[in-house]
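Please keep the sequence and the coordinates at hand.

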Amino acid sequence: ERSAHRSSSQLVQLAKRFIRDNLSRPLKLEGVAAYLHVSDRHLSRLFNKQGGDTFKAYVVRERLNVAEVNLKTTVLSIKEIAEGVGFQSVHYFTRVFAEHYGMPPATYRKRSMDGAD
């Protein structure tokens, strides 16, 4: 099996790259594990060990990172940004963003536009 020749850290790096390249699509642990030819349990364990983060937490953080950049650097609507980074609903995106950044995306964008970054 191909994966036998890859180290744990290489596998996690490949998984992270795959996630970053596919943020706009639904990302499930099983799908990424299948892409890397490893079991989902194995990938989940590696994620926790290597990154100190769960697979799901990593995906959400990456989605938020890209959304944050888009809020600051594009004129895309909140809905377009949410969909572009793989959130199924604007409502859910707004809630998760606000939990992470302490304010909703529209407020965040306004503050960064005002230079109060």
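**The largest pocket and its surroundings**

The largest pocket has a volume of about 330 Å³. Of its 13 lining residues, Leu-27, Lys-56, Val-59, Val-60 and Arg-63 are the closest to its centre. A pocket is here an open set of points, on a 1 Å grid over the protein atoms alone, with protein on both sides within 12 Å along at least five of seven lines; lining residues have an atom within 4 Å of a point. Grid points are joined across faces, edges and corners, and the volume is the space filled by probe spheres set on the points, the probe being one of 1.4 Å. Helix H4, residues 55-73, gives the most to this lining, with five residues.

The model is predicted: local features need pLDDT of at least 70 and side-chain atom pairs count only at pLDDT 80 or more, while totals for chains, interfaces and linings use all residues. Residues are numbered from 1 along each chain as its sequence is written, and side-chain values use heavy atoms, with hydrogens and water left out.

The secondary structure of the chain comes to seven helices and zero strands, in the pattern α-α-α-α-α-α-α along the sequence. Helices (H or I, at least four residues) and strands (E, at least two) are DSSP runs, numbered from the N terminus. Along the principal axes, the C-alpha atoms fill a box of roughly 50 × 20 × 20 Å. Of the 117 residues in the chain, 38% are buried, where buried means under 20% relative accessible area, exposed over 50%, and partly exposed in between (1.4 Å probe, protein chains only). Among contacts (heavy atoms within 4.5 Å) between residues at least 6 apart in sequence, 58% join residues at least 24 apart.

**Individual residues in the fold**

Lys-16 is found in helix H1, residues 8-21. Lys-16 counts as buried because its relative accessibility is 16%. Leaving aside neighbours within four places in sequence, Lys-16 is in contact with Phe-47, Gly-51 and Tyr-58. The C-alpha atoms of Lys-16 and Val-32, 16 residues apart along the chain, are separated by 9.4 Å.

In the loop between helix H2 (29-36) and helix H3 (40-51) lies His-37. Most residues other than glycine have a negative phi. His-37, although not a glycine, has a positive phi of about 60°. With a relative accessible area of 36%, His-37 is partly exposed.

Tyr-101 belongs to helix H6, residues 90-101. Not counting residues up to four places away in sequence, Tyr-101 touches Leu-64, Asn-65, Glu-68 and Tyr-108. Tyr-101 and Leu-64 are 37 residues apart in sequence, with their C-alpha atoms 9.3 Å apart in space.

**Charged side chains**

Side chains of opposite charge can pair when their charged atoms come close. A search of the whole structure finds five salt bridges, each a side-chain nitrogen of Lys or Arg within 4 Å of a carboxyl oxygen of Asp or Glu. One of them joins Asp-53 and Arg-61 at 2.1 Å, N to O. Asp-53 is buried, with a relative accessible area of 17%, whereas Arg-61 is partly exposed at 32%.

Within helix H4, Glu-68 and Lys-72 lie four residues apart, about one turn of the helix. These two residues form a salt bridge, with their closest N and O atoms 3.6 Å apart. Glu-68 counts as buried at 17% relative accessibility, and Lys-72 is partly exposed with 32%. A further salt bridge joins Lys-110 and Asp-114 at 3.1 Å, N to O. Lys-110 counts as exposed at 53% relative accessibility, and Asp-114 is exposed with a relative accessible area of 53%.

Which charged residue is buried yet has no salt bridge? That residue is Arg-109, and the nearest side chain of opposite charge, Glu-80, is 7.4 Å away. Arg-109 is found in helix H7, residues 105-113. Beyond neighbours within four places in sequence, the contacts of Arg-109 include Asn-70, Leu-71, Thr-74 and Val-75.

Technical notes. Lys, Arg positive; Asp, Glu negative; His and termini not counted.
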